[in-house]
Amino acid sequence: MVNKAVIAGASTLVNLAAPSTLAVDRARRYSLNLIHLARDNQPRFYSPVTR
């Protein structure tokens, strides 16, 4: 999904599934904001998101 988001030119990818280490590394490499929405917790930010 990260590769598809980068190719599409997206700046943020929000996903329900926890990202793999490879997905986090690629998101950081391409400055893609990667957000994991856990079912019962706060969102988890895995890449360069500025709040």
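User: Is His36 buried or exposed?

Analyst: Buried means under 20% relative accessible area, exposed over 50%, and partly exposed in between, with a 1.4 Å probe and protein chains only. His36 has a relative accessible area of 7%, so His36 is buried. This is a predicted model: local features need pLDDT of at least 70, side-chain atom pairs count only at pLDDT 80 or more, and totals for chains, interfaces and linings use all residues. Residues are numbered from 1 along each chain as its sequence is written, and side-chain values use heavy atoms, with hydrogens and water left out.

User: Where is His36 found, and which residues does His36 touch?

Analyst: Helices (H or I, at least four residues) and strands (E, at least two) are DSSP runs, numbered from the N terminus. His36 is in strand β2, residues 33-36. Contact means heavy atoms within 4.5 Å. Leaving out residues up to four places away in sequence, His36 touches Asn15, Leu16, Ala17, Ala18, Pro19, Pro43, Arg44 and Tyr46.

User: What lies 3.1 Å from a polar atom of the His36 side chain?

Analyst: The backbone oxygen of Leu16 does. A polar contact is a pair of N or O atoms within 3.5 Å; within protein, one must be able to donate a hydrogen and the other to accept it, and residues adjacent in sequence count only if both atoms are side-chain atoms. Leu16 sits in the loop between β1 (12-15) and α2 (21-29). Its relative accessible area is 66%, so Leu16 is exposed.

User: How many helices and strands does the chain have, and in what order do the elements run?

Analyst: There are two helices and three strands. From the N terminus, the order is α-β-α-β-β. The radius of gyration is 10 Å, close to the 10 Å that the globule rule gives for 51 residues, so the chain is as compact as a globular protein of that length. That radius is taken over C-alpha atoms; the rule is 2.2 Å times the number of residues to the power 0.38. The C-alpha trace spans about 30 × 20 × 20 Å along its principal axes.

User: What share of the residues counts as buried?

Analyst: Of the 51 residues, 25% do.
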